[in-house]
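Here is a friendly note to read alongside the model. Please keep the 3D view open and find each residue as you go.

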Amino acid sequence: MSTTFADVQPIPEPSATIADTLLSLSLQQPMETHLLTNWDSGLFSCCDDISSCCYGFWCCPCLACTVAGKFGENRCLPLCDILGPSITAACGLPLCAPPAGLGLRVAIRHRYGIKGTVCKDIVSSCFCVWCSWCQMHRELKFRKKSTVVVVNMQPAPVIMAPGNTVLVSQ
């Protein structure tokens, strides 16, 4: 049985975009279950750590730079939040959400598996700037204290050779 050109059906054009296809694929795959935790302290729990509270109250830019450094980012990153609105306003673009504060907050939440949404992060970063930085500082201090490192090193085997010579194999 031979197939002629008239028997071949054209491939229909896909009606879905690539984004729709990727979204449907990600929804079809089983989600891994991650145990999400809460923040170690609340947004307004400044009295839990008075030193962080005072640091944030008297010098919030310094606290923000410290948080960025402790998280492994460039210490000058929070300066974007200070200088960003004036630069973008000069170009005629409004900037509502502080990019560094919001980005670090989302990154901390994702790294440590903390419950929350980007919407809540935006609200806390925009309307409770000092409290948000203080909460992130307390969280990083808590995570640093509770980090457990297990090192399993075994000593190098020692072989006794005839004549009381000790050989160490590596």
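1. Start with Trp58, which lies in helix H2. Helices and strands here are DSSP runs numbered from the N terminus, with at least four residues (H or I) for a helix and at least two (E) for a strand. Trp58 is exposed, with a relative accessible area of 67%.

2. A word on what you are looking at. This is a predicted model, in which local features need pLDDT of at least 70 and side-chain atom pairs count only at pLDDT 80 or more, while totals for chains, interfaces and linings use all residues. Residues are numbered from 1 along each chain as its sequence is written, and side-chain values use heavy atoms, with hydrogens and water left out.

3. Which ring partners does Trp58 have? Ring pairs link Phe57, Trp58 and Trp130 into a cluster. The structure holds two aromatic pairs. In one of them, the ring centres of Phe57 and Trp58 are 4.8 Å apart and the planes stand at 85°, so this pair is edge-to-face. The ring centres of Phe57 and Trp130 are 6.3 Å apart with the planes at 65°, so this pair is edge-to-face. Phe57 in helix H2 and Trp130 in helix H7 are 73 residues apart, and their pair links distant parts of the chain. As for the cut-offs, rings of Phe, Tyr and Trp (its six-membered ring) pair if their centres lie within 6.5 Å; planes under 30 degrees apart count as stacked, over 60 as edge-to-face and the rest as tilted.

4. Phe57, Trp58, Val129 and Trp130 make a nonpolar surface patch of about 510 Å². Helices H2 and H7 each supply at least two residues of this patch. Trp130 is partly exposed, at 48% relative accessible area. Patches are made of residues with over 30% relative accessible area and no salt bridge; like charges are joined within 9 Å, and nonpolar side chains (Val, Leu, Ile, Met, Phe, Trp, Tyr) within 5 Å.

5. Is Trp133 buried or exposed? Trp133 counts as buried, at 4% relative accessibility, and its place is in helix H7. Leaving aside neighbours within four places in sequence, Trp133 is in contact (heavy atoms within 4.5 Å) with several residues, among them Cys60, Leu63, Val67, Pro78 and Leu104. Ala64 is another of these contacts; Trp133 and Ala64 are 69 residues apart in sequence and 6.1 Å apart in space, C-alpha to C-alpha.

6. How many salt bridges does the structure hold? There are four, a salt bridge being a side-chain nitrogen of Lys or Arg within 4 Å of a carboxyl oxygen of Asp or Glu. One of them joins the side chains of Lys141 and Asp49, at 2.7 Å from N to O. Lys141 lies in helix H7 (residues 129-146) and Asp49 in the loop between helix H1 (18-28) and helix H2 (50-58), so the pair ties together parts that are 92 residues apart in sequence. Lys141 is partly exposed, at 26%, whereas Asp49 counts as buried, at 15%.

7. Next, find Asp121. Arg109 and Asp121 meet in a salt bridge, 2.7 Å from N to O. Arg109 is in helix H5 and Asp121 in helix H6, twelve residues apart. Arg105 forms a salt bridge with Asp121, with the closest N and O atoms 3.2 Å apart. Arg105 and Asp121 are both buried, and Arg109 is buried too. Salt bridges that share partners join Arg105, Arg109 and Asp121 into one network.

8. Finally, step back to the whole chain. The chain has seven helices and two strands, in the order α-α-α-α-α-α-α-β-β along the sequence. Of its 170 residues, 26% count as buried. Among contacts with a separation of 6 or more, 63% are between residues 24 or more positions apart.

Notes. Buried < 20%, exposed > 50% of the residue type's maximum accessible area, 1.4 Å probe, protein only. Areas by Shrake-Rupley, 256 points an atom, 1.4 Å probe, with all protein chains shown as cover.
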